[in-house]
Structures are given as C-alpha cells and as structure tokens.
Amino acid sequence: MVPEAVLLQTMAEPRVRVETPLPPMLGKETSCLRRISPPGMPFFPCHIGNRFRGMERLTDKFGRPITDLRIAITDRCNYKCVYCRTGNDGAQYADLPIADYLRIARVFAGLGIEKVRITGGEPLLRKGVVGFVEELAALRTLDGRPLDLAITTNGHLLAELAQPLKDAGLRRVTVSMDAVEPERFARITRVSDGFEAVLTGIRYARKIGLDPVKVNCVLLRGFNDDQIIEFGKFARDEDVVVRFIEFMPLEEDRVWSPEIVVTLAEVVERMRAFRPLVEIPHTHSETARRYTFDDGVGEIGIIAPVSQPFCGHCSRVRVTSDGKIRTCLFSLFDHDLHAVMRRGGSDEDMADYIHSVVEQKEARHHIGEAGFEKPSRSMVHIGG
C-alpha cells in the first residue's frame with residue numbers, strides 16, 4: 001500500500017546530464033521562409049521526404065528499425081499528478097521555438113520516421129500547437145505517405161482544441177486519466193475542476209473522429225488499483241480504448257518499488273470479476289497487449305514494461321522539450337541535438353548526429369535488477 005502522503009513527499013536525487021560529443025559542422029543549411037517562422041527568421045521546407053544522400057533508414061545496432069518519434073514541445077504542465085510531480089517543482093527545462101521542433105521532425109522524417117507523437121509536459125498548453133500539427137501534416141515519409149500524427153494530453157484543454165487539431169491533420173489522441181471518479185481524480189491531479197473538462201474532451205474527440213481515442217491509466221497498488229473494473233466499464237460505456245500501464249520508476253518523487261506495480265496478469269485476473277478478457281492480435285512493435293471482453297464489447301490494452309518487457313521490438317526515440325535525444329525512457333544520458341542546431345549545423349549534420357546517437361540505443365532496460373539506476377530525468381521531463 002502506498003499512502004498518498006508518501007507520494008507527496010519529495011525525495012530528491014541528483015540528475016545526471018551526460019551528452020554525446022558534437023560532430024564537426026559540415027555545411028550550411030539552405031533556408032526558405034515558412035509562415036510558421038518568426039518574422040525575419042529563415043526556415044526550412046517541410047514537404048521534403050527524400051532520404052539524406054548516402055544515409056540509410058534509422059536502425060540501431062541490434063537491427064531494430066526506428067520509425068516512431070516522440071517529441072515534447074513543452075516542459076510545462078497544468079496538472080500536478082501526485083505520482084508524477086512533487087508539487088514543489090514545475091518546468092525545469094527550456095522550450096524551443098516551434099520552428100526548431102518542426103525542423104527536428106523534418107530531419108527525422110528524412111531518416112525513416114513514420115509516426116510522430118507530440119508530448120509534453122502538457123502539449124496543449126503550448127502556443128502554436130495547432131500550427132505545428134499543420135506543418136507536420138505537410139511532411140512525408142520516405143515512402144511518400146503522410147506521417148501518422150498523434151498527441152498525448154491530460155485532456156484538460158482538449159474540448160476546445162480537438163477540432164482545430166483534427167482539421168490541421170492530427171489523426172489520434174491519447175488522454176492520461178488515472179481515475180474515473182471525480183473526487184479521486186481531483187486528489188490525484190490536484191486540480192479541483194479537471195474531471196468534467198477531461199471527460200468532455202474525450203467525448204468530443206471521439207465525436208469528431210479522432211479514433212481510436214485511447215485513455216491511459218497508470219496503476220499504483222493501494223492508490224488507484226480499485227479503479228480497474230470501473231475503467232473496464234468506462235471503456236465499454238464511452239467506446240474508448242482504456243490502457244493500463246504498469247508503474248515504472250520514472251516519477252519525480254522517486255518512490256517506486258516492485259510492490260507498487262500492478263502487473264498485466266493481475267489486471268487480467270481482477271477484471272474477470274466484472275467480465276473475462278480475451279486477448280486479440282496486436283502488431284509487432286505495439287507496446288500494449290490488446291484485449292476485448294468476452295462479449296466483444298470494449299477494448300482494454302495493458303502496457304507491461306515491468307513484468308513483460310517489450311524492448312526487443314522497440315522502434316522509438318524521444319526528443320525532449322530542450323532538444324535532447326533520449327534513446328530509451330530509462331537512458332542515463334541526454335544527447336544534445338539542439339546544440340548542433342545552435343552551432344549552425346546543416347540538416348546533414350543533424351542527420352549524422354542522429355545516426356550516431358541511435359547507434360548507442362540500449363538493448364533493454366534493467367528495471368528490478370541489481371544495480372538498476374533510475375534515469376536522469378523523470379517522465380514528465382522526458383515526454384510520454
């Protein structure tokens with residue numbers, strides 16, 4: 001059991017910040033004006049989807065193709081979920097100009113990225129997020145297809161932004177929501193009026209066709225694991241995909257222990273008291289094991305990085321709000337891509353640097369093993 005008071009305590013640890021050495025700058029960037037650029041500032045064409053000359057698609061040294069990019073566009077968040085933020089710390093890392101995130105995404109697309117998920121902090125707080133999505137929608141994969149664009153949000157501002165985001169080219173939305181009871185939701189988020197705003201946003205996103213709407217719930221034993229069945233009912237009643245996530249050692253408070261984790265097997269067993277779950281097929285690189293209920297109504301996903309790791313199929317790389325590449329959620333190292341940009345590096349320089357970083361991608365995480373070191377950033381400062 002994890003008393004709420006424990007989750008609210010701050011147990012600070014030093015943050016390790018080690019960066020990959022920068023490559024030499026090889027050339028100048030060709031620029032053109034884009035309407036998203038600040039007045040008088042050069043920017044770069046978004047429609048290019050061709051491969052960089054002489055470079056292969058991103059593949060790490062273990063042969064895993066890297067096709068998914070998670071890019072955080074702000075470190076700020078309007079919620080202070082007790083398992084995520086301490087309540088004393090807010091944003092700790094800088095936000096870049098939207099134009100810089102767009103250039104980063106364009107370079108990654110030229111290296112074989114096919115999916116881009118916009119994260120934070122809370123990405124809907126970021127001014128210009130709709131325009132950012134519109135510009136991303138103009139990008140093409142190496143095969144000439146539009147990028148698969150998604151966003152992860154706490155949902156508080158979703159009702160007012162869902163339609164503009166969809167019109168701009170957003171395809172899917174995932175909402176983080178750790179309780180389906182208003183009072184419990186307020187205790188977790190420390191936002192008194194949040195539940196109705198989030199529920200309205202979820203319903204509106206589904207209404208306008210941002211399908212499938214996914215609702216992510218991080219389970220903590222003794223804290224919100226009594227919500228499992230209620231979330232099962234929610235998935236059926238609201239026609240959304242509810243995904244339970246095993247609690248990982250990524251919280252700002254550093255209170256993780258194996259005893260807090262509610263495993264995939266336990267979720268399946270406990271849901272049986274409501275209705276049995278039946279597993280359904282999922283794609284090779286999906287993080288979630290997928291289930292429906294025995295009557296075929298509703299979908300539940302379970303993301304089990306602790307009890308059933310899926311590192312062998314990982315296709316992801318992340319960029320933080322301050323322009324650092326992270327090759328794994330549990331990386332001990334940041335790799336400063338934005339430093340290449342600040343030094344005047346060309347797109348080719350950025351691509352060279354990205355390749356050198358992806359070569360260092362970890363084989364797997366080591367949660368629960370002797371000598372496990374927690375990552376240098378907590379989840380809220382990485383981007384989900």
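**A walk through the predicted fold**

Let's begin at Arg-206, which is partly exposed, with a relative accessible area of 31%. Please keep in mind along the way that the structure is a predicted model. Arg-206 has a charged partner: a salt bridge links this residue to Asp-239, and the closest N and O atoms are 3.9 Å apart.

Two of its links are worth a visit. Glu-114 and Arg-57 form a salt bridge in which the closest N and O atoms are 3.9 Å apart. Since Glu-114 lies in the loop between helix 2 and strand 2 (115-119), and Arg-57 in the loop between helix 1 (4-8) and strand 1 (68-72), this pair ties together parts that are 57 residues apart in sequence. Glu-114 is partly exposed at 23% relative accessible area, and Arg-57 is also in the partly exposed class, at 29%.

The other link joins Arg-57 to Asp-143 through a salt bridge whose closest N and O atoms are 2.9 Å apart. Here the loop between helix 3 (129-137) and strand 3 (148-153), which holds Asp-143, is linked to the loop between helix 1 and strand 1, which holds Arg-57; the two residues are 86 apart. Asp-143 is partly exposed, with a relative accessible area of 48%. Over the model as a whole, the count comes to 26 salt bridges.

How many strands does the open sheet have, and in what order? There are 12, arranged as 7-8-9-6-5-4-3-2-1-10-11-12, and their pairing is mixed. The edges are formed by strand 7 (277-280) and strand 12 (335-336), each of which pairs on one side only. Elsewhere in the sheet, strand 4 (residues 172-176) runs parallel to strand 5 (residues 214-219), the two being paired over three bridges.

The loop between helix 7 and strand 6 brings us back to Asp-239. The backbone of Asp-239 is worth a look too, as its phi is near 55°, a positive value in a residue other than glycine.

The largest nonpolar core has 101 residues, and the members that touch the most others are Phe-108, Phe-244 and Ile-300. Which helix gives the most to this core? That is helix 2 (residues 98-109), with eight residues. Which residues does Phe-108 contact beyond its neighbours within four places in sequence? They are Leu-58, Leu-69, Ile-113, Val-317, Val-319, Ile-325, Leu-337 and Ile-354.

Gly-120 and Gly-121 are joined by a cis peptide bond, with omega at about 25°; Gly-121 is in the loop between strand 2 and helix 3. Another cis peptide bond lies between Asp-211 and Pro-212, with omega at about -10°. Pro-212 is part of the loop between helix 6 and strand 5.

Where does Arg-190 lie? Its place is the loop between helix 5 (182-189) and helix 6. Arg-190 has a positive phi, near 60°, although the residue is not a glycine. Its relative accessible area is 33%, which means that Arg-190 is partly exposed.

Methods
Residues numbered from 1 in each chain as written. Predicted model: local features only at pLDDT ≥ 70, side-chain atom pairs only at ≥ 80, totals over all residues. Heavy atoms only, no water. Pairing = 2+ DSSP bridges. Helix = DSSP H or I, 4+ residues; strand = E, 2+ residues; numbered from the N terminus. Core = buried A, V, L, I, M, F, W, Y, C linked by side-chain atoms within 4.5 Å. Buried < 20%, exposed > 50% of the residue type's maximum accessible area, 1.4 Å probe, protein only. Contact = heavy atoms within 4.5 Å. Salt bridge = Lys/Arg side-chain N within 4 Å of Asp/Glu carboxyl O.
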